[in-house]
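Visitor: Hi! I'd like to talk through the charged pairs here. Ready when you are.

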Amino acid sequence: MTSELAEAVVDLAAVTGNVELIGGATSAAVMAVVKADGFGHGAVPAAMAALAGGATWLGVTSAAEALALREAGITAPVLSWLHGPYTDYAALAAAGIDVSVNTADQLHTLVQALGRAPSTTENDKKVPFLAHVHLKIDTGMSRGGAGTDGWPELVSWARKYEREGALAVRGVWSHLATADTSPIGVAAQAAAFAEAVAWARDAGLRPDLLHLANSAAVFTAPRTHYDLVRAGIAVYGVEPVPGRTFGLRPALTLRSHVTLVKRVPAGTGVGYGHDHVTARPTTLALIPLGFADGVPRAAGGRAEVLLGGVRRPLAGRVAMDQCVVDAGDLDVHPGDPVTVLGPGTHGEPTAADWAAWAGTNPHEILTGIGPRVPRRYARSKERA
Ligand SMILES: *Cc1c(COP(=O)(O)O)cnc(C)c1O
């Protein structure tokens, strides 16, 4: 069935196959990162396909994302890593979600919340839900995580709370800033990480899970793998290191069809501002997808789509809901299929192509596909 205007078809076999490929590249366990609605693919279907491929952990940003996985019946371990002053830690602990902690203050808030948390009953004894925490150290990204000045305090409070039975420290972790570009940067962060881990061990912590690697590091920096790798973009089949291919298969195809065709003479202005003026008589094909659907406005003037089996350029500015393809002398008709992006195997542009045209990364292209585009799920037979 074809949807009314456009659809994003997600090949779940590709997701599963990509996770298998990631698992083959490491001896560590694999966390599939399904934040931002599974990078735009749908968090729950992506999570299930990733678990089928051997992922044993799921990673998300917010509490809401984590709880949505539980509501969908997913029981696999989940780590949620971005929290604010109003995060409901009690709900997370009750749902068995692991929580990342950046500061001692955050730890105090969490422990207080758990004190008010509902409890579970085991052998007729009331037992509070236990929070599993992963202490995050900032090893050089200067984003999340404790700075080196805050780390000793965070570690010693965590150990104290652990002794009291208020929580369990399951992980120590950090995030890489330059895994796709700079081995030197990775080495510096890995060294800082090792130091932070040593400090935690000296303080008496025995975390089961040390984790540092993202997708790019899975394929380029085995020494960062430790116990668990956190793969995001690679799960969805986008090659994480510029200029290198590891055999991943893009899972998402964004397609639509021509809704209107018109033949215009040379000198015809197209779209807002008449940024584009036709150089010769040509056929314009209207596509019902715009920047609200994730076709980046910044790609106007460079972008192409697959129409009638060939690449044709967009003409004029991408509008909110529509864009126009210069079909040249192609014999096109309303209803003809258009592939905006996909794996690239039939000549269609990839998310990486769109990222280059729009001056961004494939992550932003995929997560930018708007809520108006229905996701449909399929399973290809072919293997990477
Ligand atoms: C998004 C994210 C990942 C996944 O990164 P990729 O480069 O997409 O593999 C891993 N860890 C953290 C903390 C993240 O925020």
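Visitor: What do the side chains of glutamate 164 and lysine 160 meet in?
Guide: They meet in a salt bridge, 2.8 Å from N to O. The term covers a side-chain nitrogen of Lys or Arg within 4 Å of a carboxyl oxygen of Asp or Glu. Bear in mind that this is a predicted model, where local features need pLDDT of at least 70, side-chain atom pairs count only at pLDDT 80 or more, and totals for chains, interfaces and linings use all residues. Residues are numbered from 1 along each chain as its sequence is written, and side-chain values use heavy atoms, with hydrogens and water left out.

Visitor: Which residue does aspartate 11 pair with?
Guide: Arginine 249, with the closest N and O atoms 3.6 Å apart. Aspartate 11 is in strand β1 and arginine 249 in the loop between β11 and β12, so the pair ties together parts 238 residues apart in sequence. Strands here are DSSP runs of E, at least two residues, numbered from the N terminus.

Visitor: And are those two buried or exposed?
Guide: Aspartate 11 is buried at 12%, and arginine 249 is buried at 13%.

Visitor: What about aspartate 275, which partner does it have?
Guide: Aspartate 275 bridges to arginine 317, the closest N and O atoms being 2.9 Å apart. Aspartate 275 counts as exposed at 52%, while arginine 317 is partly exposed at 32%.

Notes
Helices (H or I, at least four residues) and strands (E, at least two) are DSSP runs, numbered from the N terminus. Buried means under 20% relative accessible area, exposed over 50%, partly exposed in between (1.4 Å probe, protein chains only).
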